[in-house]
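Subject: Structure for you to look at

Hello,

Here is the structure I promised to pass on. Could you open it and keep it beside you while you read my notes?

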Amino acid sequence: MSRPGNYLADALAGALTQAPANLVVTYHYIRPANSDGVTGITPERFAAHLRLIRSSYEIVPAEEFCLRREQETGLALITFDDAVRDQFDYAAPVLEAFNVPAVFYAPMRPYADDGSDHWCTQHLLHALAQELGWRELERRVVRLIGDPACDEAEMNRIYHYEVPMKRRLKYLLAFTLPAGVAAESLRAINTTIGLDASDWYISSDDLGALQASGHALGGHGFDHVPYTTLTPSQQESDMRRAHRRMTELFGDRPRTMAYPFGRADETTRRLARQFGYIHAFTTDDRVDGMNIDIPQGVLA
Ligand SMILES: [Zn+2]
């Protein structure tokens, strides 16, 4: 077994106690500068991550990772959640420069063809916070829905990685309010602002291009809500819609899945197997790229 270098172990220190035998890293936003609504890492930092990871691991495609991970060590998988446009604009060129494969976990609501809204609530939250500022958005949401009680211990546990200012609204929308109420309140706010989902997500043509160039696409639910908040039949219908739409758009092939919010229960795991996903990742299986520190000197 090849032991990952100390350098990588140091970099991973924020996320893990030791470098894992096989590494899965997850990214969300990659962009030159953060906004009030969106925190990501810069393309330069992402490139430094790839250099570092590649020095200790073999970066392989998703399906290959799943086939080899039980028997081998020293494998790494690069994953992106949510198919946000940043990833195509800023991460894909870096992947190409390094000639490294990745998997893009795309929720399917942005690609719905039934005339329904294309925003996933969580990403509309990011986009509105970017537009209005976090405080103003929270003020508008509370004006619509009131100020419901919230389990602060659970909130802090789930959103430990998030700055305190953002935790309450995120937790309210994803875990306290019924999904429909959360979605409607943000959509109501957006009616006067008019943010367009097609500006936020990678287009289906560009997702197809990523797949054609050797990257994989993977399941990430339809509505991008935590499956653990849904009834078994709601879980089934969401996963069925997601699986069907991805197959229609991008063909029928072996795919992995990342549970939205990384959360699953026994029903979710059973459904993922039933729909043929060859593997489904939780949050615990993956290292958040936000937590990989690169020493300043290495960034140049
Ligand atoms: Zn996600």
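In which helix do E266 and R269 lie, and how many residues apart are they? Both are in helix α13, three residues apart, which is about one turn of the helix; helices are DSSP runs of H or I with at least four residues, strands are runs of E with at least two, and both are numbered from the N terminus. E266 and R269 form a salt bridge with their closest N and O atoms 3.4 Å apart, a salt bridge being a side-chain nitrogen of Lys or Arg within 4 Å of a carboxyl oxygen of Asp or Glu.

Before going further, please note that this is a predicted model, in which local features need pLDDT of at least 70 and side-chain atom pairs count only at pLDDT 80 or more, while totals for chains, interfaces and linings use all residues. Residues are numbered from 1 along each chain as its sequence is written, and side-chain values use heavy atoms, with hydrogens and water left out.

**The zinc site**

The zinc ion is coordinated by D82 (OD), H220 (NE2) and H224 (NE2) at 2.0 to 2.1 Å. Donors here are N, O and S atoms within 2.8 Å of the metal (3.2 Å for Na, K and Ca), and sites may look incomplete because water is not among the atoms. Along the sequence, the spacing of the donor residues is D-x137-H-x3-H.

D82 sits in the loop between β3 (75-81) and α4 (85-98). D82 is buried but has no salt bridge, and R286, the nearest side chain of opposite charge, is 7.5 Å away. For charge, Lys and Arg count as positive and Asp and Glu as negative, with His and the chain ends not counted. Buried means under 20% relative accessible area, exposed over 50%, and partly exposed in between (1.4 Å probe, protein chains only). Leaving out residues up to four places away in sequence, D82 touches several residues, among them H28, Y105, H220 and H224; contact means heavy atoms within 4.5 Å.

H224 belongs to the loop between β5 (216-219) and α12 (232-250), and its relative accessible area is 4%. H224 has a positive phi of about 55° although it is not a glycine. Most residues other than glycine have a negative phi.

**Around P226 and F261**

P226 lies in the loop between β5 and α12 and is buried, at 2% relative accessible area. Its contacts, not counting residues up to four places away in sequence, are A174, F175, P260 and F261. F261 is in the loop between β6 (256-258) and α13 (266-274) and has a positive phi of about 60°. At 21% relative accessibility, F261 is partly exposed.

**Other salt bridges**

The count comes to 21 salt bridges. In one of them, the side chains of D86 and R31 meet at 2.7 Å, N to O. D86 lies in helix α4 and R31 in the loop between β1 (23-27) and α2 (43-56), so this pair ties together parts that are 55 residues apart in sequence. Both D86 and R31 are buried.

D147 and R168 also form a salt bridge, at 2.3 Å, N to O. D147 is exposed, with a relative accessible area of 57%, whereas R168 is partly exposed, at 21%.

Best wishes
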